[in-house]
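The exercises below go with the model that follows. Work through each task before reading its solution.

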Amino acid sequence: MAAADYMDDYTHKMTWHEIEELKEAAEQGIPGAQSKLGDCYSQGNGVRQDSAEALEWYRRAAVQGEAYAQCAMGFSYQYGLGVEPDYAVAADWYKKAIAQDYLAAYSFLGILYITGMGVEQDYNEAARLFRKGAEQGDDFAQYVLGEMYRIGLGVEKNLPEATRLYRYSAMHKNRAAEMTLTLLYGGGSCITERSLWGIDVSLCLANGDYEKASEWLTARAKQGDRDAAFGLSVCYMTGFGARYRANKAVKYLSAAADKGDPVAQSKLAALYIQGLVVKANDEESVRQFRLAAEQGCADGMCGLAMCYATGSGTERSQVEADKWYKLAAEQYQKGVDLGDDQAMCALAYLYKEGNGVEMNTTLAKELFKKAADLGNTEAQINFSKYEQDINF
């Protein structure tokens, strides 16, 4: 959810008659009607769009103590809607809304404390405010607090905690959290502490400016930064902040793999097996899987085990397959302990097939269920099959 999404969005198109009734109620001093009329002027819904008129109606409701209107006043002063920007005034209005525990105000005030606009810059206070919002299920606050834990801003650096917050935020379809998770995990189960952007770019992402991230990554990748090259490959492959370009995705993925990125090596190996985007090459796939596996990447271990089990690109060896499946299971378990839904799903498959672990369909079902509850679509499908007693 971007910052502007906190303001109510009335999808219902207001009629002239409804606007007249709303104006009458607002003129009578009913704060809820005044706030809604402010929204109508802000959005141009049933009336001509007029930010200054919106501000006036928000003000009338806010001085009566209506929390939503107080937050809207803060938002208007922060972003200069109908009035010259005044961050100190914005902060005061947010504090009034927070006094009534209005959820959105925590994040807006938190942004001001991060940037030092209108208040003295205070990362600790910003983290406290975002935590308040995050604990109440605000995906915007969860994402930004996650970024603060990743960077170590106002809190002690803690990648597992950052990941946990990203996942909760992503469950609410927060695109910034989804993008950051994809960059950290690469769509797999091997968490990597990557040198991503600072909090300035994080806030742009939180507000829906995904191109900022790809611009930052492009600049760093051109300087030979491995993490940036991997991140840019993800942007081109998924369309996050950049138009889908398979050839560029492979170019930057290969660059990251050549510099020793285990997740990039594992993903590149998978592309060589599939023969998608690049020409199929089983031997190169084995080589890349091995490079990733030897660095402790669970997906690389699992891929290498599969190659040994099937004799794809290497001599078939069940002994080697079992060894790598077992090592992969141990790594996935570490991810499960950290609450990683991708690791849960991957480990569930191993228990379902008895690869690297003793076959246990009950435990597989439990793992699919845990991952499904975290919003993992693949796990939801598999758990549904278990529930329907479908043999798969």
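**Exercise 1.** Are Phe368 and Tyr386 buried or exposed?

Solution. The model is a predicted one, in which local features need pLDDT of at least 70, side-chain atom pairs count only at pLDDT 80 or more, and totals for chains, interfaces and linings use all residues. Residues are numbered from 1 along each chain as its sequence is written, and side-chain values use heavy atoms, with hydrogens and water left out.

Step 1. Take the cut-offs: buried means under 20% relative accessible area, exposed means over 50%, and partly exposed lies in between (1.4 Å probe, protein chains only).

Step 2. Apply them: Phe368 is buried, and Tyr386 is buried as well.

Step 3. For the whole chain, 50% of the 392 residues count as buried.

**Exercise 2.** Determine how many helices and strands the chain has, and describe its extent.

Solution. Step 1. Helices (H or I, at least four residues) and strands (E, at least two) are DSSP runs, numbered from the N terminus.

Step 2. The chain has 21 helices and 0 strands.

Step 3. Along the principal axes, the C-alpha atoms fill a box of roughly 80 × 50 × 40 Å.

Step 4. Contact means heavy atoms within 4.5 Å. Among contacts in the chain with a separation of 6 or more, 49% come from residues 24 or more positions apart.

**Exercise 3.** Describe how helix α11 packs against helix α12.

Solution. Step 1. Two packed helices are described by the angle between their axes and the distance between the axes. Axes are lines fitted to C-alpha atoms, for helices over the stretch in contact, and angles run from 0 to 180 degrees between N-to-C directions.

Step 2. Helix α11 (residues 199–206) and helix α12 (residues 211–222) have axes 8 Å apart, at an angle of about 145°.

Step 3. On the α11 side the contact is made by Val201, Cys204 and Leu205, and on the α12 side by Lys212, Ala213 and Trp216.

Step 4. Sort these residues by class: Ala, Val, Leu, Ile, Met, Phe, Trp, Tyr, Cys and Pro count as nonpolar, Asp, Glu, Lys and Arg as charged, and the others, Gly among them, as polar. The contact of α11 with α12 then has 5 nonpolar, no polar and 1 charged residues.

**Exercise 4.** Which geometry do the aromatic pairs Trp197 with Trp216 and Phe368 with Tyr386 have?

Solution. Step 1. Rings of Phe, Tyr and Trp (its six-membered ring) pair if their centres lie within 6.5 Å; planes under 30 degrees apart count as stacked, over 60 as edge-to-face and the rest as tilted.

Step 2. This rule gives a count of 10 aromatic pairs.

Step 3. The ring centres of Trp197 and Trp216 are 6.1 Å apart and the planes are at 85°, so this pair is edge-to-face. Trp197 is in the loop between α10 (175–185) and α11, Trp216 is in helix α12, and the two are 19 residues apart. Trp197 counts as buried, at 2% relative accessibility.

Step 4. Phe368 and Tyr386 form a tilted pair, with 6.0 Å centre to centre and 40° between the planes. Phe368 belongs to helix α20 (residues 361–373) and Tyr386 to helix α21 (residues 377–387), 18 residues apart.

Step 5. One aromatic cluster is formed by Phe75, Tyr79, Tyr94 and Phe108.

**Exercise 5.** How many disulfides does the structure have?

Solution. Step 1. A disulfide is a covalent bond between the sulfur atoms of two cysteines; here the criterion is a pair of cysteine sulfur atoms within 2.5 Å.

Step 2. The search of the whole structure finds 0 disulfides.

Step 3. Check Cys40: the closest cysteine sulfur, in Cys71, is 18 Å from the sulfur of Cys40, too far for a bond.

Step 4. Cys40 is buried at a relative accessible area of 0%, and Cys71 is buried with a relative accessible area of 0%.

**Exercise 6.** Where do Asp101 and Lys173 lie, and what is the phi of Asp101 and of Lys173?

Solution. Step 1. Most residues other than glycine have a negative phi.

Step 2. Asp101 is not a glycine, yet has a positive phi of about 60°. Asp101 lies in the loop between α5 (87–98) and α6 (103–115) and is partly exposed, at 41% relative accessibility.

Step 3. Lys173, also not a glycine, has a positive phi of about 65°. Lys173 is in the loop between α9 (159–171) and α10, and is exposed, with a relative accessible area of 61%.
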